[in-house]
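Trainee: I have a new model open. Please show me how to read it, one feature at a time.

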Number of protein chains: 2
Amino acid sequence: MVGRLASARRSASPPRARAVEGFLDAAERLLIEEGHAGVTTRRLAGAAGLNQGLIHYYFGSLDEVMLQALERFTDRLIKRQRALYEADKPFIEKWRTAMRYLEEDLAAGYPKIWLELQAFGWNRPEIRERIARVNQEWREVLTDAFGNAADEYGLDPREFPLEALVSLVMTFNQGIELERVSGVSAGHDALLAWIDQWLESQGETNEHDHHHAARRGGQT
Amino acid sequence: MVGRLASARRSASPPRARAVEGFLDAAERLLIEEGHAGVTTRRLAGAAGLNQGLIHYYFGSLDEVMLQALERFTDRLIKRQRALYEADKPFIEKWRTAMRYLEEDLAAGYPKIWLELQAFGWNRPEIRERIARVNQEWREVLTDAFGNAADEYGLDPREFPLEALVSLVMTFNQGIELERVSGVSAGHDALLAWIDQWLESQGETNEHDHHHAARRGGQT
DNA sequence: AAATGCCTTAGGCGATCGCCTAAGACGTCA
DNA sequence: TGACGTCTTAGGCGATCGCCTAAGGCATTT
């Protein structure tokens with residue numbers, strides 16, 4: 001490590017910060033277009049329109065770039081997820097928003113970033129640990145949300161154990177992203193439609209309970 | 001060093017075939033231990049205990065090694081899956097065997113091979129296409145099996161649409177493998193236990209129908 | 001024994017990699 | 001204006017990569 005920030009003290013060092021963000025943006029683009037093996041110092045500098053020496057100067061190593069890219073990317077996702085499920089809306093609306101996010105993300109290629117970073121981490125303990133932590137945070141958000149939803153729908157926790165339910169949703173979600181990135185989309189629409197319809201039918205059979213539960217439950 | 005004998009012509013060229021198999025075995029080992037980026041000609045030759053020139057001589061390129069490794073690996077999986085679900089047993093036994101396979105494979109690190117090959121394919125159209133084809137075969141096997149199982153359990157296809165059910169099973173299965181390779185296993189046991197219990201309860205409520213259906217249904 | 005042709009080897013070519021350095025540009029102080 | 005610390009640059013070092021070649025080993029056929 002070299003450069004300490006001097007002007008950082010009074011103006012958050014916009015040029016440096018801009019360069020750092022530029023590299024992280026470029027890293028995401030390269031992850032989508034080339035995969036994690038395609039993120040080299042030279043290509044990264046080229047994609048960011050900056051000099052490759054800066055990568056060493058600002059980040060120290062390429063691994064650190066990948067780690068920071070992972071942190072920034074996953075922070076965004078977790079924040080969005082948290083905001084969504086903390087909102088005061090019927091569960092089905094949250095679910096539909098989440099599924100809309102999924103479609104939007106797929107269209108934008110974001111799951112490729114997430115999966116490439118995971119693949120990168122499979123052989124780098126530090127990265128893998130961070131991945132596991134993000135996964136854990138995500139699971140916690142869903143556990144909260146689904147716990148409330150189970151109340152809202154009046155589901156029997158013995159018939160639908162929360163932990164299993166959350167794991168099912170997380171795994172099939174990631175499975176869908178994995179398949180899509182590998183060029184497979186067969187059955188996905190049918191699956192999502194099925195779930196949507198099931199949620200809707202549950203909402204109808206428990207109509208009045210639902211209103212009570214929705215009012216009652218913020219969270220905690 | 002390997003065996004001599006240029007009886008190649010009359011007995012399927014054992015030395016060459018052995019070398020090829022040796023490289024493919026070594027490739028699988030390297031995929032597990034190093035990831036697809038760790039499969040280089042030199043490391044592959046080292047892991048196989050063979051000369052690196054042979055890779056060019058036998059395969060032409062490293063990409064061809066990866067492609068053949070993918071074909072061999074996926075052929076094994078599909079064959080096993082097909083044999084399992086074509087057997088004449090109650091569905092729950094097949095399912096439990098499949099879940100036992102999953103655990104065994106995870107213990108042996110095989111899903112890492114599958115996922116590394118997928119990651120490798122994300123940026124190589126030829127590989128990706130093969131991945132998609134294997135996925136399709138797999139889905140067909142499950143569609144057959146679950147179609148029969150739905151009969152066996154007397155499930156209403158309107159309540160449990162086959163395509164969605166198959167997609168759910170495929171995606172959550174791959175999601176579990178993905179999470180495990182990334183170091184996450186939380187909730188997996190609970191999820192599998194839940195499914196097992198649900199299948200068992202379905203078997204009980206439809207006990208006699210079940211026997212009829214099991215006798216009735218081979219397949220076709 | 002000589003010739004043939006498959007098999008195997010060591011080694012090297014050009015390209016690319018991550019990381020680092022030396023030097024100058026720039027802005028901000030005294 | 002001169003000194004100083006920060007930022008930015010071009011370029012190069014050693015390592016490693018995929019691919020290929022030239023040369024011989026060796027069993028089989030003449």
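Mentor: Start with how copies are compared. Copies are superposed by least squares on the C-alpha atoms of residues with pLDDT of at least 70 in both. Keep in mind that this is a predicted model.

Trainee: By what turn and what shift can chain B be laid on chain A?

Mentor: The general idea comes before the case. Two copies of a chain are related by a rotation about an axis and a shift along it. Here the turn is 180 degrees and the shift along the axis is 0.0 Å, with an RMSD of 0.0 Å. The two copies are thus related as by a two-fold rotation axis.

Trainee: How many residues does each chain bring to the contact?

Mentor: Chain B gives 40 residues and chain A gives 40 residues. On the side of chain B that touches chain A, helix 6 (110-121), helix 7 (125-153), helix 8 (162-181) and helix 9 (188-205) of chain B each supply at least two residues. Helix 8 of chain B has the largest share of that side, with 15 residues. By class, that side of chain B holds 19 nonpolar, 15 polar and six charged residues.

Trainee: Why do the copies meet through the same surface?

Mentor: Compare the interface residues. Of those in chain B, 100% are also interface residues in chain A, so the copies meet through the same surface.

Trainee: Let me try one residue. Where is Gly187(B) found?

Mentor: Look in the loop between helix 8 and helix 9 of chain B.

Trainee: Is Gly187(B) buried or exposed?

Mentor: Count its neighbours. A residue with 20 or more other C-beta atoms within 10 Å of its own is buried. Gly187(B) has 25 C-beta neighbours inside 10 Å, so Gly187(B) counts as buried.

Trainee: Which residues is Gly187(B) in contact with, leaving aside its neighbours within four places in sequence?

Mentor: They are Arg139(A), Glu163(A), Ala164(A), Val166(A) and Ser167(A). Now take a pair within one chain. Gly187(B) and Pro157(B) are 30 residues apart in sequence, and their C-alpha atoms are 28 Å apart in space.

Trainee: Now the fold. How many helices and strands has chain A?

Mentor: Chain A has eleven helices and zero strands. Of its 220 residues, 32% count as buried. Next, look at sequence separation. Among the contacts in chain A with a separation of 6 or more, 64% join residues 24 or more positions apart.

Trainee: Which residues have the most contacts inside the largest nonpolar core?

Mentor: They are Phe23(A), Ala27(A), Leu44(A), Phe23(B), Ala27(B) and Leu44(B), in a core of 98 residues. Take Leu44(A). Beyond residues up to four places away in sequence, Leu44(A) touches Phe23(A), Ala26(A), Ala27(A), Leu30(A), Val39(A), Ile55(A) and Val65(A).

Trainee: And in chain B, where is the place of Leu44(B)?

Mentor: Leu44(B) sits in helix 2 (residues 41-48) of chain B. Leu44(B) counts as buried because it has 26 C-beta neighbours inside 10 Å. With its neighbours within four places in sequence set aside, the contacts of Leu44(B) are Phe23(B), Ala26(B), Ala27(B), Leu30(B), Val39(B), Ile55(B) and Val65(B).

Trainee: Follow one of those. Where is Ala26(B)?

Mentor: Ala26(B) is in helix 1 of chain B. Ala26(B) also counts as buried, because it has 21 C-beta neighbours inside 10 Å. Its contacts beyond four places in sequence are Leu44(B), Ala47(B) and Ala48(B). Take Ala47(B): it is 21 residues from Ala26(B) in sequence and 5.5 Å away in space, C-alpha to C-alpha.

Trainee: Next, the DNA. Which residues come nearest to DNA strand C?

Mentor: Of the 23 residues around DNA strand C, the nearest are Thr40(A), Ser61(A), Leu62(A), Asn51(B) and Gly53(B). Helix 3 (41-48), helix 4 (53-59) and helix 5 (62-86) of chain A each give at least two residues, as do helix 1 (14-33) and helix 3 (53-59) of chain B. The surface divides into nine nonpolar, ten polar and four charged residues.

Trainee: Last, confidence. Where in chain A is it lowest, and where is it highest?

Mentor: Confidence is lowest in helix 1 (residues 8-11) of chain A, at a mean of 34, and highest in helix 9 (residues 162-181) of chain A, at 98. The mean pLDDT of chain A is 88, and 86% of its residues reach 70 or more. Two stretches of chain A deserve a look. Over residues 1-12, pLDDT stays under 50, and the model has eight contacts beyond four places in sequence for them. Over residues 208-220, pLDDT also stays under 50, with 16 such contacts.

Note on methods
Residues numbered from 1 in each chain as written. Chains lettered and ligands numbered in written order. Predicted model: local features only at pLDDT ≥ 70, side-chain atom pairs only at ≥ 80, totals over all residues. Near = placed C-beta within 6 Å. Helix = DSSP H or I, 4+ residues; strand = E, 2+ residues; numbered from the N terminus. Nonpolar A, V, L, I, M, F, W, Y, C, P; charged D, E, K, R; others polar. Buried ≥ 20, exposed ≤ 12 C-beta atoms within 10 Å, placed from the backbone. Contact = placed C-beta atoms within 7 Å. Core = buried A, V, L, I, M, F, W, Y, C linked by C-beta atoms within 7 Å. pLDDT = per-residue confidence, 0-100.
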